[in-house]
Amino acid sequence: EWALRDCGFTLPRGRITALVGRNGAGKSTLLHLAGGLLRPAHGEIRVLDIPPDTAAARTRVALLTQDKPLYPRFTVADTLLMGRKLNASWDGSVAERVVREGGIALTARVGELSPGRRTRVALALALGKRPDLLLLDEPLADLDPVVRGEIMATLMAEAAEREVSIVLSSHVLPDLEQTCDWVMLLRAGRVELSEDTDTLREGH
């Protein structure tokens with residue numbers, strides 16, 4: 001059975017795209033393919049015009065999944081140091097700002113942080129890479145509305161200031177409506193719609 005089929009699309013740079021669709025539509029599969037965690041069984045996928053499972057793509061694409069894999073015994077400072085060692089394009093000022101805006105101490109252990117603060121640390125790691133494309137697979141699902149709003153504001157600033165292209169998969173539809181300016185609908189493994197949200201609202 002196909003998870004995704006005939007799934008070509010183009011997204012505009014520096015925009016926040018809402019990736020929507022029912023459970024099983026293929027959202028996570030698409031993001032994991034684009035982030036290089038999965039390889040297609042058939043056909044090919046290209047992101048930023050290069051295969052996503054290459055070193056060139058990994059320096060330009062950041063993927064944040066719902067489970068947000070972090071080392072619980074590391075301090076926040078250790079975690080950011082790891083980011084610096086693993087990424088040639090690392091920008092510590094961006095990562096530290098994202099942490100600082102959440103009121104998180106660099107000396108705190110990751111495993112002792114609340115879910116919202118862990119998400120912020122994971123986001124700091126992703127944004128510290130200075131990616132051209134940031135893929136977010138349900139990262140806000142376990143957060144309260146206030147923290148979700150703060151993190152969405154951080155994402156909007158990154159998209160506006162540095163033209164980072166962001167693709168956000170979420171079931172929290174009010175977040176998407178307020179912050180995303182492009183929408184892509186997956187249905188049964190195919191792209192049903194990919195359009196500017198203002199154009200979409202005018203048409204409906």
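Predicted model: local features only at pLDDT ≥ 70, side-chain atom pairs only at ≥ 80, totals over all residues.
**Entry 1, helix α3**

I began with helix α3, residues 76–86, and looked up which of its residues are buried; I found Val-76, Thr-79, Leu-80 and Gly-83. These four cover an arc of only 95° around the axis, so they lie on the same side of α3. I noted for myself that an α-helix has 3.6 residues a turn, so residues three or four places apart point the same way. On the face of α3 turned away from the buried side I found the exposed residues Arg-84 and Lys-85. I then asked what covers the buried residues of α3. The cover includes α4 (92–101) and α5 (115–128).

I went on to α4, where the buried residues are Val-94, Ala-95, Val-98 and Val-99. They cover an arc of only 135° around the axis, which puts them on the same side of α4. When I looked up what covers these buried residues, I found that the cover includes α3, α5 and α6 (145–162). I also recorded that α4 is followed by Gly-103, which has a positive phi near 65°.

Two packed helices are described by the angle between their axes and the distance between the axes. For α4 and α5 I read that the axes come within 8 Å and cross at roughly 160°. Angles over 145 degrees count as roughly antiparallel, and α4 and α5 are therefore roughly antiparallel to each other. The crossing in which α4 passes α5 is right-handed. I listed the residues that make the contact: from α4 they are Val-94, Ala-95, Val-98, Val-99 and Glu-101, and from α5 they are Arg-120, Ala-124, Leu-127 and Gly-128. Sorted by class, this contact has 6 nonpolar, 1 polar and 2 charged residues. Looking back at the previous entry, I saw that Val-94, Ala-95, Val-98 and Val-99 are the buried residues of α4 and that they also take part in the contact with α5.

Lastly I turned to the loops. Leu-48 is not a glycine, yet it has a positive phi of about 55°; Leu-48 lies in the loop between α1 (27–34) and α2 (55–58).

Note on methods: Residues numbered from 1 in each chain as written. Heavy atoms only, no water. Buried < 20%, exposed > 50% of the residue type's maximum accessible area, 1.4 Å probe, protein only. Helix = DSSP H or I, 4+ residues; strand = E, 2+ residues; numbered from the N terminus. Arc of directions from axis to C-beta. Contact = heavy atoms within 4.5 Å. Axes fitted to C-alpha atoms, helices over the stretch in contact; angles between N-to-C directions. Parallel < 35°, antiparallel > 145°, perpendicular 65-115°, else oblique. Left-handed = near helix turned anticlockwise from the far one by under 90°. Nonpolar A, V, L, I, M, F, W, Y, C, P; charged D, E, K, R; others polar.
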